[in-house]
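This report is a guided reading for someone meeting the structure for the first time. Please keep the sequence and the model side by side while reading.

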Amino acid sequence: MEWTFFILNMLTVTALSPLTLGIIRKVKARAQNRSGASVLQPYRDLIKLFHKDEVISADASWIFSAAPVIVFATTLAIASGLPLFSPVPSFIPTGDLLVFVYLIATGAFFLALAGLDTGSGFGGIGSSREMTIAALTEGGLILSLVAVALLTGAANLGIMSAAVSGLSGMALLPLSIAAAAFSIALLAENARYPVDNPATHLELTMVHEAMILEYSGPKLALMEWASASKLLIFVIILGNVFAPWGMTQSLTLPSLGLAFLFFALKALVILAAIALIESGMAKFRFFRVPDLLFTSFVLSVIAILLIVV
Amino acid sequence: MIFGIQILALCAGLVFLLSLVMNLVRKNTTLISLYLVQSLTVAVALVMLSSTEQSPSLLYAALLTLGVKGIMAPTFLFRLIRKYTAHFSAASYLSTPLSLIVLAAITAFAYSVAPALTGSGAAAVPLLFAAIFSASFLMVNRRGALSAVIGVLALENGIVLLSTILGAAHTFALEFTIGFDIAVWIAIASAFLTMLYREFGMTDTDMRMMSHLTEE
Amino acid sequence: MSTVLQYGFVVSLELYAFGALCSLLFSSRGREATASTFSHFFAACGALTGLVFALAVIFSGSVVDLHAGAIGLAQNVLTFHVDGLAAFFIATISTVALAASVYGIAYQKQFLGVYRLGHFGFFYNTFLAGMLAVIAADNGIMFLFAWEAMAVGSYFLVAFERHDSHAVSAGKLYILISQLGAAFLFAAFLLLFRATGSWDFDVLRAHAVILPAMLEHVILGLALIGFATKAGVIPLHIWLPEAHPAAPSHVSALMSGVMIKTAIFMMVRFFVEFFPGHASWGLVILVLGAVSALLGVLYALSEHDIKRLLAFHSVENIGIILLGLGAAIAFFAYGIPVAGYVALIAALYHTVNHALFKSLLFLSAGSVVHATGTRNMEEYGGLIKRMPWTAVFFLTGAVAISGLPPFNGFVSEWLTFQSLFTGIAALPLPAKSIFLLGAASLAFTGGLAAACFVKAFGATFLARPRSDVAVHAHESGWLMKLPMGFLAALTLLFGVGASFIAPAIGQVVLSLRGEGGAMPLVSPFAMINIRDFALLSMASVALVLIAAVLVTYIAIRVISRHSRTRIARTWDCGVSLTPRMEITATGFSRSIITIFRGLLRPSIQKTAEYHDASTRYFAKSRMVHLSMPNLYRTYLYDPAASLVERSALKTRRIQTGNLNIYLLYIFLTLAALLASALIS
């Protein structure tokens, strides 16, 4: 039973993640009064990249080749434990909240190493900034999820989402504060505004893009796909753990279809919000970002204090 | 018996008196002569004790005392004085009247301390305590190094007699050790004095000379 | 089994003694290579024996008490007591000592003819034997003796490269602060002796004597300061970043990996076994741990000397261990023993994990230093192509210390987090907030540690070589690769096999609190269950991760089987790339240091030399000096030292040089003593 959930989760997340990028770009284009590319364009980009040849730097080592595989594998591993359509009936080992956070950290670790591997200055700066942001985001990320865990009495994502759907009244206040903190962590970890600009062409403004600057062909496809999957994973958690209404307990096909519709709705709202933030504000100067991340941390602490005191 | 104790008390008193007078004399030779007399007194006391307690070891002890403290030590010291013509050791920190007052205070202190410590009412014990303290005062008050040497020797005399009267077991080994200790001490002291003479040209352990040796 | 239990410990000590002796016998200048090989070989044998003995004790659940016969004055002093906790630490020490000794056989060859290897071997074996004796000592005198032997032995090892003035001054600082800590320990043990009337630990273990509360707090405070000095807790840590880099690399591995853990062992003994029930001390230890963890990793980020970086990470990890230990003490005092067991398991698990990955990191750093001749990371670069195996081992250590699954660092950090979360949920308010502080500190520490090791691994091994020494580096021999591989395998094993190791440590913890028993055997796929709040199955996580990697790899190979790969230059915008265009280690962490500048107070000094001094327009050369002051030296140690010096100078006035005054002092003291006898 659990193996089907594993495989289903992994396949769904991987298959749907380029769509999230497409939706964000479409909403941004609309906000800028353009028609924009089709929402399926990222799929075409990936297919194109998979068929291309690649160029590898002479200075790179096996880390350069291994990093895309590892980063993509971490997203697969995380995806296997997520509550996608319904809270999982039993415990899935990769659904533990600390396992989730540290698998994300593993991906960031190897991505940063890949940025350093080719010896280009851009990759080095990108790795430095990425590790700084990742280090400061972890506080808010872990503590916001801990707030929900303390509220529900379980530290597993699936069990948390099942329990949150039963909450009401005063318990919703710390939940929303924790959700706000988690949203800030979502923006930071996925290289979105105001922390990073995913569409920039200026290397000095890049964080995530700088680290994958040297990649081409299939490896670049894996990296892009992995970052899209990471975004979808965070959206799933924000939607299904912090606001799990609409998820179903029964596993019949119609109810699963309905749950998928609810989830699609939540995801659309979140993605549109991200796109509108990107259209409405400028990216922060790098040394203003820590203030934002400490805000996320403080919000999580407030949420925890509201719950336990 | 009673005769023996009286003699002991007399010896004790004599030792005390001699210690007092040592604080007041001016010439070095007188100092050494006084020490000679003090050692003789101690020897006599030991002989007396050996006859009352019928122990021959004490007799040997008395003879040893005579030999080392009565003959050897004074000879060494006289020779030393003649060699370096240091006849006078007049310099002292406190003037004579003040010294006398301090000595009186010391004697009073000794009399107050002694009964509480020993519990015995014998007249000799406080006298000997006073003798010991006077000898210490001699060391502190006089500037000359030779006075310090004589002070230690007088101190040792007082301690020997005190321990004898308090009933410490006087084995021959003890006396032999004391004698050996005195002999070695004399040798070291004379070497020390020789070095002092050679280095500073005088025997004063005065601030002006020795304080130059402190690290600054 | 019973022969191992009975004789294993003594045989181990004897092998160390034999190694020391052999080393001295062959210490003449012609035979030093033999001395070095023999001493390290016998040390390795002693370590192996110790390891077998310790594992036997743990798995049989028994307690070994050894009494040497009366040897003159040392009647009741030579007693040893090895229970589960001591066996656990002996196993840790022996594992690291085994790896370090095998490594040292080849590593020490670089000092042949330069320094005296025979004497090194003697002190090395003394150091190892001292550590074993510290763990197993059963009375105060034996403990203090072994503690001093450990400190003195390691001093000679730290100051081994005596022609290097930095090593000598590092050794001086180390022994000074070590003695300062030992003074506090002496005071604590003397007070204990006065209160209980005996030096034996059995008296304390049986809680036979009830001490007055004030005295108990004073003793615990003194003991905490003494042990914290040895463990390297902030602010008593200033010797650690000086001494650990100065020693030869396998000695650094031992000092950083196991010597500072002996202090943790004694803290567990004191606060959990001998004097339990003090929640306030538990919270103090927790705060110390939180501060050390965060500040340790921040100082590590500012370093570009690879061994100093690793030394500061030891401070950080000791902080993490103290988080778990403080939480355990608090839980036991508040009457939630189940949570206390989990916290103590977390602390002990992190102890062994840190020993493994820190010694792995030090050994691989030692290989790099051995190959290049410098400790400065700014001169490394591109070493992954020249030292591929060392790079893999260093990467394993880096991944483990950053707490990334499926390696062992993740498991112990997970357990520590869970105990802190339990505290936030279950304890009363003041303790709750301190636990929250601890959790926040741990969260940030994990991320910062990962950043630091990306920097360390990247600057050392990746990109292009930055200097000639990096170009000409060569891989280490198999004698140096073998222990590194052994430790790397153990880090993976302790991570994936967490479901098996955690109950074993749990058994040790239970026997410490009096509920003994033999080891239960648990399947590796079982889950670690924290009161149904959180469940972890490391083997499953590892399996999923490996399966995902395999699937991705195979898919990529299949999809891109027709693509070609071309090797070209890194994109250089048209200019040729020089090593100076890569990011430096200092530059990598500059952002974080700027963000935390309130805590770290970095300073920048810029000087420039101009072609024309009057116009000062065209600069001939510019120099930028980045530094971070040692705040503890400025605000704590230097004022204390100058206070001591000033009072000493004032007291010196009684030394006038005048003999008569000295005699007067004697006379007055005598009179005063007599008078006091009179009064009493």
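Which residues in α15(C) meet which residues in α17(C)? C:Ala391, C:Phe394, C:Leu395, C:Ala398 and C:Ile401 on the α15(C) side meet C:Ala449, C:Phe453, C:Ala456, C:Phe457 and C:Phe461 on the α17(C) side, where two residues are in contact if their C-beta atoms, placed from the backbone, lie within 7 Å.

This is a predicted model, in which local features need pLDDT of at least 70 and side-chain atom pairs count only at pLDDT 80 or more, while totals for chains, interfaces and linings use all residues. Residues are numbered from 1 along each chain as its sequence is written, and chains are lettered from A, and ligands numbered from 1, in the order in which they are written.

**The helix pair in chain C**

The residues in the contact of α15(C) with α17(C) divide into 10 nonpolar, no polar and no charged; here Ala, Val, Leu, Ile, Met, Phe, Trp, Tyr, Cys and Pro count as nonpolar, Asp, Glu, Lys and Arg as charged, and the others, Gly among them, as polar. Helix α15 covers residues 388-401 of chain C and helix α17 covers residues 429-461 of chain C, and their axes come within 9 Å and cross at roughly 170 degrees. Axes are lines fitted to C-alpha atoms, for helices over the stretch in contact, and angles run from 0 to 180 degrees between N-to-C directions. The crossing makes α15(C) roughly antiparallel to α17(C), a term used for angles over 145 degrees, whereas angles under 35 count as roughly parallel, 65 to 115 as roughly perpendicular and the rest as oblique.

Chain C has 26 helices and seven strands, while the secondary structure of chain A comes to 11 helices and one strand; helices (H or I, at least four residues) and strands (E, at least two) are DSSP runs, numbered from the N terminus. The elements of chain A run α-α-β-α-α-α-α-α-α-α-α-α from the N terminus on.

The table sets out the extents of the C-alpha traces.

| Chain | Span along principal axes |
|---|---|
| Chain A | about 55 × 45 × 40 Å |
| Chain C | about 100 × 75 × 65 Å |

The radius of gyration is taken over C-alpha atoms, and the globule rule is 2.2 Å times the number of residues to the power 0.38. For chain C, with 680 residues, a compact globule would have a radius of gyration near 26 Å, and the 27 Å of chain C agrees with this. Chain A has a radius of gyration of 19 Å, close to the 19 Å that the rule gives for 309 residues, so chain A is as compact as a globular protein of that length.

Buried residues make up 55% of the 680 residues in chain C, and 62% of the 309 residues of chain A count as buried. A residue is buried if 20 or more other C-beta atoms lie within 10 Å of its own, exposed if 12 or fewer, and partly exposed in between, with C-beta atoms placed from the backbone.

**Where chain C meets chain A**

Of the two pairs of chains that touch, chains A and C have the most contacts between them, whereas chain A and chain B do not touch, their nearest C-alpha atoms being 55 Å apart. On the A and C side of this picture, 64 residues of chain C are in contact with 68 residues of chain A. The helix α17(C) gives the most to the side of chain C that touches chain A, with 14 residues, and the residues of that side divide into 42 nonpolar, 15 polar and seven charged.

Strands also join the two chains: strand β1 (residues 54-57) of chain A and β5(C) pair in the parallel sense over four bridges, and A:Ile56 stands opposite C:Ile567 in β5(C). Two strands pair if DSSP finds at least two bridges between them.

C:Val541, found in helix α21 of chain C, counts as buried because it has 26 C-beta neighbours inside 10 Å. Not counting residues up to four places away in sequence, C:Val541 touches A:Pro93, A:Thr94, A:Val99, C:Pro405 and C:Pro406.

**A covered helix and an open strand**

Helix α6 (residues 157-164) of chain A is mostly covered, with seven of its eight residues buried, and these buried residues pack against α4, α5, α7 and α9 of chain A. In strand β6 (residues 603-610) of chain C, by contrast, the number buried among the eight residues is zero, so β6(C) lies largely in the open. Eight bridges join β6(C) to strand β7 (residues 619-627) of chain C, and the two run antiparallel.
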